[in-house]
Amino acid sequence: MRIGFVLMWSSGFVGAALAAGTAGSLTTLAWRCLVAAVLIGGWWWLTRRRALSFAEIRLQVGIGLLSQCVYLFGVFWSVGLGVPSGTAALIAALQPIVATVLSQFVLGERASAAQWAGLGIGLGGVALVVGGDLSGGDAPAIAYALPVLSMLGLVAGTLIERRADVRTSVVDNLTIQCLTSAVVFTALAAVTGQLVPPGNGSFWLAIAWLVLLSTFGGYGFYWLNLRRSSVTSVSSLLYLTPPTTMLVAFLFFDETLDVRGLLGVAVCALAVFLVLRKQRSSETVPPERGRCPAS
C-alpha cells in the first residue's frame, strides 16, 4: 500500500508534464476534477448510495477544500507565476516535518529520535534531487508564499481527518472531496474564461492519467495509509515522490539523470527507512484507527 501511494502520488507530476503546452493549469485542474467527480459520483450513486449525515458531508467538504483545492491550486498557481518547480517541490517537502510537529500538539503522536533524524535527512535528499532547479526565477516575492499555503493546506486536511476519527469509508469521503474540488475549480475556470478544453488527444490523455492515477490512486492511497499508520509515517513517504518523479521523467521524457539525483534517491530512501522502522514501537495509533473499513 505504501508503494502504491508513492507511485500514484508521483504520477501527478508526470500528468502535469503531459498536460503542459496543451492547456492552462486552471483548465487542466477544472477538467481533472470534473471528470473525477462524474466518474466517482456516478459509481457511488449506482453502487454505494446511502444517506450521509450533514456532519459527514461538512467534514469532507472542508477536507476536500484543504487537501485538494488549496494544495493543488497553490502548487499550480505558484509555478504559473514563475516559481521554479524545484523550489516549489522543496517547499512542499517541508510537509512531513510540519505535519510531525503539529501532530504532537493536535493528536498527541510522538516521533522518536530516529524518526526526527529521518525527517531531516529526507529534506536533504529532496534538496539533492531538485537542486538543479533551485534557481531564483522571476516570480514576484508573494508567489513563494503559495507553495507554503499549499503545503499547509495538505497538513491541515490531514490533521483534521485524523483527529475527527472518520468512520465513513474512503470511497464515500473521496466522492465528497472530488465533488467539492470540481465545483471550486469549475467555477474559477468559468469566471476567468479558461473552462473550454482544447480538442487535442494529448490533453484528454493527460486528464485520464491525472484522474485515474493521481486523484483516485494518489488520494485514495493517501487516506488509506493514514488510517493504518501515523501522520509522521505517511507524511515521510512524500520524500520519495520527487525521486520517483525524477526516475519516471528519465524513463518517459528522456530527462537527464545525474549522480546528484541518484544520491538524492538513496538519501530519501534511507530517510523513509529510518522513519518507518520505528513505527511499531514509537507511534501512537488508536486501536480503532488501526484497521481500514471496507471501501
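Is Thr27 buried or exposed, and what is its relative accessible area?

View 1. Thr27 is buried, with a relative accessible area of 5% (buried means under 20%, exposed over 50% and partly exposed in between, with a 1.4 Å probe and protein chains only). Leaving aside residues up to four places away in sequence, Thr27 touches Gln194, Leu195, Val196, Pro197, Pro198 and Phe203, where contact means heavy atoms within 4.5 Å. In this predicted model, local features need pLDDT of at least 70 and side-chain atom pairs count only at pLDDT 80 or more, while totals for chains, interfaces and linings use all residues. Residues are numbered from 1 along each chain as its sequence is written, and side-chain values use heavy atoms, with hydrogens and water left out.

**View 2. The ring pair of Trp31 and Trp204.** Among the 10 aromatic pairs that the structure holds, the rings of Trp31 and Trp204 have centres 5.6 Å apart and planes at 80 degrees, so the pair is edge-to-face (rings of Phe, Tyr and Trp, the last by its six-membered ring, pair if their centres lie within 6.5 Å; planes under 30 degrees apart count as stacked, over 60 as edge-to-face and the rest as tilted). Because Trp31 lies in helix α2 and Trp204 in helix α9 (residues 201–228), the pair ties together parts that are 173 residues apart in sequence (helices are DSSP runs of H or I with at least four residues, numbered from the N terminus). Trp31 is partly exposed, with a relative accessible area of 21%, and Trp204 is also partly exposed, at 34%.

**View 3. The ring pair of Tyr222 and Trp223.** The ring centres of Tyr222 and Trp223 are 5.1 Å apart and their planes stand at 75 degrees, so this pair is edge-to-face. Both Tyr222 and Trp223 are buried.

Methods: Helix = DSSP H or I, 4+ residues; strand = E, 2+ residues; numbered from the N terminus.
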